[in-house]
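User: Hi, could you walk me through this one? I'd like to ask some questions and see how you get to each answer.
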Amino acid sequence: MSESTGADLSFTFNGDCYEGAPGQSIAAALMASGVRELRTTRFHKEPRLIFCGIGVCFDCVVVVNGVANQRACLVEINQGDEIVSSK
Amino acid sequence: MKNPDAIVIGAGILGACSALSLTNAGFKVLIIDRGTVASGTTGAGEGNILVSDKDPGPELTLALRSRDLWFELQEDVGDSFELEAKGGVVVARSDDSQLLALARSQSAHGVVTEKLDSKRLHELEPYLHPELSSGVFYPQDAQCQPMLAAARIIQSVIARGGQLVTRSKVLGFKTENDAMSSVLTSTGEYSAPIVINAAGTWAGEIASLAGSHLPVAPRRGFILVTEPAPQYIFHKVYDSEYVVNVASSDADLQTSTVVEGTRSGTILIGASRERVGFDSTMNYEIVRKLAAQATSLFPILRDVQLLRVYRGFRPYAPDHLPLIGEDYRVKGLWHSAGHEGAGIGLAPGSAALITDTILGRPSFMDPAAFSPKRFAEVLQ
Amino acid sequence: MIAVIGAGPAGLAAAMTVAQNNEQVVVIDSAPRPGGQYWRHLRKVEGYKSGRSDKYFRALEESKKIIYIRGAQIWSAVQSENAITLNYLAAGIESSITVAKVILATGAHDRALPFTGWERPGVMTPGAAQALLKGHNVIAGQKILITGTGPFLLPVAVGLAAAGAQVAGIIEAHSPLRWLRSPVALLLNPQKSIELIYYIRKIYQYKLKVSFNRAVIAYDGRAASIATVDTELRIKETVSKIDCDVIAAGWGFTPDVTLGGILGCQQVVDRDGTVIFAVDRDQRSSATNIWIAGEATGIGGADLALVEGRIAALSALGLAIPARLRLARYRLQKFATALQVSYPVGNGWQGWIALESKICRCEEVSLGEICASVSELSANDARTSKLFTRAGMGMCQGRICSRNVSEIIAKQTQCEVTEQERIGYSNRPISAPISLGALANGIK
Ligand SMILES: Cc1cc2nc3c(=O)[nH]c(=O)nc-3n(C[C@H](O)[C@H](O)[C@H](O)COP(=O)(O)OP(=O)(O)OC[C@H]3O[C@@H](n4cnc5c(N)ncnc54)[C@H](O)[C@@H]3O)c2cc1C
Ligand SMILES: Cc1cc2nc3c(=O)[nH]c(=O)nc-3n(C[C@H](O)[C@H](O)[C@H](O)COP(=O)(O)OP(=O)(O)OC[C@H]3O[C@@H](n4cnc5c(N)ncnc54)[C@H](O)[C@@H]3O)c2cc1C
Ligand code: FES
């Protein structure tokens, strides 16, 4: 879906490998690869993607290199990042 | 409601418990609040039901009885307010002699205590700082969700024939020959021979409206709330300096942390104590101090994020004991206020004391220590 | 030194004005790139006058008078006698800066209304779809339906279509005829009509389907249910289903008043219920040495934000404010009022939600639970309901749901939401999460 801006960073999400471009947010890079679920909710285990897209709603939180509750729509990807869904 | 037998001012935890206790004794009760349920300090504190932080004396007797009454109350109300006998772990920062001496004297008065060596301490709380090596476990320490408790208790009062009027501010009283006759409020006049002043930090204002005095003043507290985190904390954990601060009369800021996890995954870190009147401005230095103390107990919390800070004003009396009993001037005006940082824990016992005294029947303890009359001479 | 908080149109205009007058200015913004909510371009995106941000971006890079701190979110601020200290987090590390004067240009985010199924992946705000496209070069989905109300839906739809997205339609809740209620505002702002004509041409060019007086009232994960609605947004009848995998729904904007609130700047409730800052004719707030510009003083769009930013900067510098700037602001404010008149957000959306739908997305609190807190537990405002249900206590701290919760309770209790309650739910003591470790490290 994305017009490639030269995807040259690789990272993992829930163990799978993905690629993205420098400057892209985690959410953008994953959505460009067709990911439709960034996390499941704490109580009802419902899937969530992004909502506000600008860091306000915290719907998109993931664990980035062990640090919990990072907003995937804000945090830019770095080479080798290990990203896991919040549960 | 026409002609209630008693009017309770305040829909906080003390008002709620008093109303239910009176209802169960056969009274028709009307509860009045200028806001709604838990809109005062009950909605701005934590729900610790502690026996561990009290020295032997009347307050400990009240706390022990109250703690058991909380569990009876849950049965009576039949609905959940997250009551849980979680247990408290008090950690000695360095010298543990004071803590152990306190635990010994408490256990002589009915408090269950268990001295913890380093191994046992870390079994109970595996994420505690590894260098902490001594503490005491108090299995009776419990907790509830106080707002939900107040609401559920008031629901029971209503189901048993009582009534709640919200957004009704008490503006004055009518008395006849120094005896209570009616309460004047922003939503009208309500008559009853018995009025319970459970207005918490504002109970002094209510007493003044009735031409009396009650020395209740605010003691501010901040509480930190974190993001939801995995379970790192299994009991209520605090350091032994907390006990010293609770009893202190010092006006200056004191911080001593109680750290605990909640069902929703957030961690509560409380609380500071300072006397600054009703000043509600944020103080980020206090926030930092609380964070530092919590992370020194639990280093793993360093990576957990703070989401919110809230503050409340504990109602306190000069001698740090609650004011429970009839007014020294106005007959029929009863106070149950000034419970400071322990109002949740002490509420059911206080309510039982009031009801027993109104009915003139013996209670589980002598209420004299809490009588508002103890300040009558000073104030007149 | 002067600090500008926010690098959207208002903040950029303020910073450039300060720099042009040879004073030092520091711009602090939480985003990794400048532009704020609307001017976030990674590359050129089709839209009306989309090149006008260039000179501001260049100034940020090149001006020796501007220090630009990006990716830095201010979490708290303290005003002392004659200085203001701003504490910010960048990459998890806390720093602080103390300045003499502050210009707040913290902007706004889309207002979201719940509907049945709005928790599903793919439902987002137009701002999210736009940020993905402009900021990250990603089209949000295969088939995007744009809905809500207001002219700000148009640039989103056109930008997406121009980038090759399949736009399933634009579902606008109101009729364009409502503009006829504001003839003066239209006459005062001929450039806005030109902008509108630009977008109408683009809508034809990309063959976008626009329908009026309709709203998306439910989404089952595959198709959106469309209903005709009255001006209060009450459902008249369900008319169709549209297949889509993304719904971008926006209902006006909510200014973020948190930081100004922490600094004690006075707030008022705008006529549409939005909480905004009260400022004087020089954009000065009620707090000493703090000026506020842009959406945070009332929703009016980028042009108004630019003018306000310049006025705020001139006033902060103690310079005269040219009459033409004041006139421009006057004209654009008239237009902003016309926007509110043309695109009101009534309370009929409360009829779009199933009882089990979540109102608070963070803590997953349903409409049914909020209603029960009123009927069973005697809650009569958002604060009390929050204490009982946890609605608004989650990670976003009620930024998305608290206004909706408050309106739901008002309807349940048949009361109006008070001004005090609106200001209460719009404020919070911490403007961004910060780790306990960072807090502890910052002890003086
Ligand atoms: C930070 C903090 C942490 C705390 N933690 C704990 C804890 O862990 N455990 C514990 O036991 N206690 C704790 N407390 C203390 C506890 O919250 C209080 O002691 C308790 O809530 C007091 O309850 P109350 O019913 O007396 O007062 P409130 O809850 O304040 O109720 C008084 C009510 O009276 C109403 N009122 C006042 N004036 C009028 C008027 N003129 N007309 C009508 N209505 C009026 C108010 O609206 C209010 O609802 C804490 C307190 C704070 C501030
Ligand atoms: C989808 C969408 C479409 C729009 N379309 C149009 C349009 O076509 N025409 C139009 O005129 N307007 C449009 N707008 C409205 C837009 O909000 C404004 O025009 C413009 O962005 C307002 O500028 P501003 O400077 O007031 O705030 P913003 O652009 O919102 O900038 C505020 C900045 O402050 C930063 N900030 C906030 N708080 C902090 C903090 N605590 N610490 C650090 N930084 C902080 C934010 O990250 C942000 O970068 C649109 C908005 C959206 C969301
Ligand atoms: S989508 Fe709202 S914070 Fe990321």
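What follows is a chat about how two chains touch and what surrounds two ligands.

User: How many residues does chain B give to the contact with chain C?

Analyst: Keep in mind that this is a predicted model. A residue joins in if its heavy atoms come within 4.5 Å of the other chain. Chain C brings 37 residues. On the side of chain B, the number is 42 residues.

User: What area is buried between chain B and chain C?

Analyst: Carbon and sulfur atoms give 58% of it. In chain B, the residues that lose the most area to chain C are B:Tyr284, B:Arg288 and B:Leu307, together 24% of what that side buries. The buried area itself is about 3,200 Å².

User: Which residue of chain C forms a salt bridge with B:Arg288?

Analyst: The rule finds 1 salt bridge across this interface. The cut-off is 4 Å between a side-chain nitrogen of Lys or Arg and a carboxyl oxygen of Asp or Glu. Here the closest N and O atoms are 2.8 Å apart, so the pair passes. The partner of B:Arg288 is C:Glu94.

User: Which element gives the largest share of the side of chain B that touches chain C?

Analyst: The elements of chain B that give two or more residues there are α5 (146-159), β13 (217-226), α8 (284-297) and β17 (305-316). The largest share is 8 residues, and it comes from α8(B).

User: By class, how many charged residues does that side of chain B have?

Analyst: Sort the residues on the side of chain B that touches chain C, and you get 20 nonpolar and 13 polar ones. The charged residues number 9.

User: Which residue is the bridge partner of B:Leu306?

Analyst: Look at β17(B), which pairs with strand β23 (residues 434-435) of chain C. The two strands run in the antiparallel sense, over 2 bridges. In β23(C), the partner of B:Leu306 is C:Ile434.

User: How far is an oxygen atom of ligand 2 from a polar backbone atom of C:Ala302?

Analyst: Ligand 2 is surrounded by 32 residues, and C:Ala302 is among the closest, as is C:Ser30. A polar side-chain atom of C:Ser30 lies 2.7 Å from an oxygen atom of the ligand. For the backbone atom of C:Ala302, the distance is 2.6 Å.

User: How many residues surround ligand 1?

Analyst: Among the closest are B:Asp33, B:Thr42 and B:Gly345. Backbone N or O atoms also come up here: one of B:Gly341 lies 3.0 Å from a nitrogen atom of ligand 1, and one of B:Glu46 lies 3.2 Å from a nitrogen atom of ligand 1. The count around ligand 1 is 35 residues.

Notes: Residues numbered from 1 in each chain as written. Chains lettered and ligands numbered in written order. Predicted model: local features only at pLDDT ≥ 70, side-chain atom pairs only at ≥ 80, totals over all residues. Heavy atoms only, no water. Buried area = accessible area lost by both parts, 1.4 Å probe. Helix = DSSP H or I, 4+ residues; strand = E, 2+ residues; numbered from the N terminus. Nonpolar A, V, L, I, M, F, W, Y, C, P; charged D, E, K, R; others polar. Pairing = 2+ DSSP bridges. Near = heavy atom within 4 Å. Polar contact = N/O pair within 3.5 Å; in protein donor to acceptor, adjacent residues only side chain to side chain.
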